[in-house]
Structure formats: structure tokens, C-alpha cells
Amino acid sequence: MPQGNGIGSKSDYGNGGGVTEQLKSENPMEWVRRVNGIKVRVEEEIVNQLI
């Protein structure tokens, strides 16, 4: 569980799901899938912090 302000750090969420500029250029659909997954996790965390 994150400490301090309740917002997780980068280490709490791993390495960003492997979302890199290289992946973006080599496999844009996979990049979008991973970015969307990160977005969903962040939105869930925000909702959990507000409740």
C-alpha cells in the first residue's frame, strides 16, 4: 500500500507496463492496449482513494 499522500509511485505500478516509444513505433496496437490498461488501473486507484 502506498504511503504519504495515498497516490502510488512508479514503483507501485511496475515499469509502466513496458510502454515505450520503441513499442509505440513497432507495434502501435499493443502500445494502445497497454496504455489503456494503465489508464484503467489509475482510474480505479483514484476512485478507491476517493471512497
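Q: At 28% relative accessibility, does Arg34 count as buried, exposed or partly exposed?
A: This is a predicted model, where local features need pLDDT of at least 70, side-chain atom pairs count only at pLDDT 80 or more, and totals for chains, interfaces and linings use all residues. Residues are numbered from 1 along each chain as its sequence is written, and side-chain values use heavy atoms, leaving out hydrogens and water. Buried means under 20% relative accessible area, exposed over 50% and partly exposed in between (1.4 Å probe, protein chains only). At 28%, Arg34 therefore counts as partly exposed.

Q: Which residue does the side chain of Arg34 meet in a salt bridge?
A: A salt bridge here is a side-chain nitrogen of Lys or Arg within 4 Å of a carboxyl oxygen of Asp or Glu. At 2.8 Å, N to O, Arg34 meets Glu30.

Q: Is Glu30 buried or exposed?
A: Arg33, another partner of Glu30 at 2.5 Å, N to O, is exposed at 53%. Glu30 has a relative accessible area of 17%, so Glu30 is buried.

Q: How many salt bridges does a search of the whole structure find?
A: Besides the pairs of Glu30 with Arg33 and Arg34, Glu43 and Lys39 meet at 3.7 Å, N to O. Shared partners join Glu30, Arg33 and Arg34 into one network. For the whole structure, the search finds three.
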